[in-house]
Amino acid sequence: MCGRYAASRRPEDLVETFDVEKWDAAETLAPDWNVAPTASVYAVLERPLKDAADPRPVRQLRPLRWGLVPSWAKSPDVGVKMINARAETVHEKPSFRRAFTARRCLLPADGYYEWVTEAAERKLEEQGRKKRPRKQPYFVTPADGSVMAMAGLYEFWRDAALPPDHSQAWWATCTVITTEAETTPLAGAAGGAGGGEGPRSLADIHPRMPLALPADRWDAWLDPGRTDADELRSLLAPPPAGGVRAYPVSTAVSNVRNNGPELLTELSAPEAGTLF
């Protein structure tokens, strides 16, 4: 899954990395090292500019609220439960299937956090019989230091209780697509700055992971002219294995009120007891 991530890149850098054509500096977000559901996050998307004479899709960098609210939802409260969409079923789930064929985006991140779970508890979670307690947090990030482009969807929701010209009348929301976690070895040492024992694969940490798309799929994924579900599903193949590393970070990240670059500091050893 993806329940927390870090996004500290400057918008100017994201504009360059993703070949963005339109970005409003007035929508600049502060760096966020502990992005939690319902937060505003940057998204790269393609759609025609509002009131523009040219109907062509324009690549934009825009802030969206994390937690997708379907257009038909009676309340935006459902967004809290829709921070993730499974790659295996996103094309058929009522909450996501329309966005899947029409409103896709990339969510830039430095990486994401995941918490190691004891094996027996993890099994119960996979069976839906127990909610996983959070233990030692790990930060998963591209091994080469590049930006992680998580596949996402976005939607617009109209608050019928407000007049159309009200600043809060429209909600723009998004979700992160997840897939099965890699079982191949992680890049580099997994135990921490000092090496040692640690999870050897992402699957050792959690059975799911955000689906990060390699750069050669960005154009196809963002293209709103692509609407064939089978073709789009082919873009959701897992990225090449071995491109990320994972290392233990402070348990301070478990509290959403904590936010700062120190949360990404690599520990020499885990703070909390784990299997590793």
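1. Among contacts between residues at least 6 apart in sequence, 73% join residues at least 24 apart. Please keep in mind as you read on that this is a predicted model. The protein has 276 residues, and buried ones make up 46% of them. Its secondary structure consists of five helices and 13 strands. The accessible surface comes to about 13000 Å², with 51% of that belonging to carbon and sulfur atoms.

2. Five strands build it in the order S3-S1-S8-S9-S13, with antiparallel pairing. Strand S3 (32–35) and S13 are the edge strands, each pairing on one side only. On average, neighbouring strands of this sheet are turned by 25 degrees against each other, direction ignored.

3. Within that sheet, have a look at the join between S8 and S9. Strand S8 (residues 111–115) runs antiparallel to S9, and four bridges link them.

4. Is Tyr138 buried or exposed? Its relative accessible area is 0%, and the cut-off for buried is under 20%, so Tyr138 counts as buried. Along the chain, Tyr138 and Val249 are 111 residues apart, yet their C-alpha atoms are separated by 5.6 Å.

5. Next, strand S4. Six of its eight residues are buried, so the strand is mostly covered. S4 and S5 run antiparallel and are joined by eight bridges; in one of the pairs, Arg47 has Val58 of S5 as its bridge partner. S4 also pairs with S7, again in the antiparallel sense, over two bridges. Here Leu45 stands opposite Cys105 in S7.

6. The residue I would open in your viewer is Arg59, in strand S5 (residues 58–66). Arg59 has a relative accessible area of 7%, which means that this arginine is buried, the cut-off being under 20%. What does its side chain contact? It makes a polar contact with the side chain of Asp219 at 2.8 Å, and one of its polar atoms lies 3.0 Å from the backbone oxygen of Phe18. Leaving aside residues up to four places away in sequence, Arg59 touches residues including Asp19, Val20, Glu21, Lys22, Val44, Leu45, Glu46 and Leu222.

7. On to the nonpolar cores. The largest has 31 residues, and the members that touch the most others are Tyr5, Trp66, Leu107, Tyr112, Met150 and Leu202. Strand S4 (40–47), S5, strand S7 (104–109), S9, strand S10 (148–158), strand S11 (170–180) and strand S13 (244–248) each give two or more residues to this core. The largest share, four residues, comes from S10.

Key:
Residues are numbered from 1 along each chain as its sequence is written. This is a predicted model: local features need pLDDT of at least 70, side-chain atom pairs count only at pLDDT 80 or more; totals for chains, interfaces and linings use all residues. Side-chain values use heavy atoms; hydrogens and water are left out. Buried means under 20% relative accessible area, exposed over 50%, partly exposed in between (1.4 Å probe, protein chains only). A polar contact is a pair of N or O atoms within 3.5 Å; within protein, one must be able to donate a hydrogen and the other to accept it, and residues adjacent in sequence count only if both atoms are side-chain atoms. Contact means heavy atoms within 4.5 Å. A nonpolar core is a set of buried Ala, Val, Leu, Ile, Met, Phe, Trp, Tyr and Cys residues joined through side-chain atoms within 4.5 Å. Accessible areas come from the Shrake-Rupley method with a 1.4 Å probe; for residues, only the protein chains shown count as cover. Two strands pair if DSSP finds at least two bridges between them. Axes are lines fitted to C-alpha atoms, for helices over the stretch in contact, and angles run from 0 to 180 degrees between N-to-C directions.
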